[in-house]
Structure formats: structure tokens, C-alpha cells
Amino acid sequence: MLGKLFKHEFKATGRHFIIIYSVFFLITLFNKLFLEISVPSNRFFSYFQNIFMIFYVIMCAAIFIITSVLVVYRFYKNLMCDEGYLMFTLPVTIEEHIIVKMITSFVWMVLSTITFFISILILVSGHGFEDTFSQIFDLIREVSTYFQSQFTVFVLIYLCILIVGTFYNILQYYFALSIGQLVGKHRILASIGAYFAINFVIQNIIGFLFIFTNALNLESYYLIDESEITENIFEYLNTFGLIALALNIALAVFFFFATKIILTKKLNLD
């Protein structure tokens, strides 16, 4: 049954994302065409070139916003509106409902990010940016060779933060929605308010951790040798990264189980 639920969820969300990605790539290709064609001193050409570039910049932001909106919309519509009466009659636990929504949302967020970067590569290819990318990769190689294990640990920590942070963001949406549905009226506004309230608390916690991590690395201010300073910077970043990773994991677990408890005991279908 769980496999069927995954299939249904990907099918239901996929038709929206196929349209979004197709439009995004179409605008990218139009912009690429305008960049490749040279029409000197043509006012109309410059006008259309600028229009499509504006569309492209808007779509770059919109692709992430729309992805987040669809993540929120699917969870709310399926589990907290009329569809919830059907969904909760299925032989699937509430934990499995949350997991299916969460993993599906994660996949689409990753695909949206990949789509964005592929679009950027299409747009800048053939205009001298390859040398810039080559220099960046050479710099990364030199840094990784020089610092070896410290740089490897740095990359692994922040890669884990990126992955866990995505799940954490999705679960934060779900937790805010589960709080909002407790309100009889204005549930969307209540969910938005809950989301910003949660963010406010978390930002204060992160601020405290930032101060705490700085306190652990006060000795770096008294270092004179350049290699020691650079090494201490990596130690600081890795320390802060590990604390942030632990916080993200703890919050993700809390959001998951808090959402499960609310939907189990305090579900208020619209």
C-alpha cells in the first residue's frame, strides 16, 4: 500500500512540475538564443532580450517558491481538507502519510535545484565562464590538497546539513500547518503565523549557538601565524557545522513527531 501511495503522490505532483520545468527550460533556451545572436544597435531586439532575461530571473526565484508552495499545498489539501476523510481510511499509518509526503517533497526540491543549475550552465556555456568554473575547481582542489582531512570533514558536514536541512524545512512547514489546523477559522493565516513564530524562536537559538561557538574559538584572535589562523577557521566552521547539524536533526525529529501527535489526537478536518 505504501508503494501505491508513493506512486500516486509522484503522479499527482509530477504533472505540475513537468509543466514548471518545461516552461523554465523554454525561457532558458530563448535567453540562450538571444545571447548567441548578435544584432548590433537594434532597439527591438534589445527590448525582447531584456524582457526574456527579466522572465528568466523571475523564473529562477519562482521555481523554488512554487516548489515550496506545492509542498505545503499537497500536505494541507490531502490531510487537512475534505480529502483527509478518504486518506485516513486507507490502511496506512499517519507516520507513513507524513513520510510519503516528506520524501516526495524532498525529491522535487532536489530536482528543482538541479534544474536551476542545469539552466545556469546552459545559459553561461560558450561565453568564457568555463574558465571561471575551471579556476574555481582548481582553487577547491588546492584547498582540499593543502588542508586534506579538515576540508573533507568540512564538505561532509555541510553536505549533511544541506540534506538534513531540506527535510527539516519540509517538516517545519508540516508542523506549522498542523498547528494552524487547530484553529477553527483562518487556518492558513494561523499556519503562517505559526511558521514565523517557530522561525523566530529557531533564529534566537542559532544566534546563541553562534555566540557559544565563537566563545569556544576565542584563541583564534591571538594567533599570528597565517596557517594557524586558516586551520582555526576550518576548526571553527566544522564545530559550528556539527552543532548546526545536530540542531537540524533534533528539530526535524521534533517536527515529525509533533506533527504526528497533533494529527493523531487533534485532527480538525476542514
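Helices here are DSSP runs of H or I at least four residues long, numbered from the N terminus. The structure is a predicted model, so local features need pLDDT of at least 70 and side-chain atom pairs count only at pLDDT 80 or more, while totals for chains, interfaces and linings use all residues. Residues are numbered from 1 along each chain as its sequence is written, and side-chain values use heavy atoms, with hydrogens and water left out.

Start with the inside. A nonpolar core is a set of buried Ala, Val, Leu, Ile, Met, Phe, Trp, Tyr and Cys residues joined through side-chain atoms within 4.5 Å; buried means under 20% relative accessible area, exposed over 50%, and partly exposed in between (1.4 Å probe, protein chains only). The largest such core holds 37 residues, and Phe75, Met80, Ile98, Ile170, Leu171, Tyr174 and Phe255 have the most contacts inside it. Another core, of 14 residues, lies apart from it and includes Tyr56 and Leu70.

Isoleucine 37 sits in the loop between α1 and α2, and it counts as partly exposed because its relative accessible area is 38%. Leucine 26, in helix α1, is also partly exposed, at 49% relative accessibility. Leucine 26 lies 9.7 Å from tyrosine 56, C-alpha to C-alpha, though they are 30 residues apart in sequence. Back in helix α1, there is also lysine 11, which counts as exposed because its relative accessibility is 63%.

How values were computed. Helix = DSSP H or I, 4+ residues; strand = E, 2+ residues; numbered from the N terminus.
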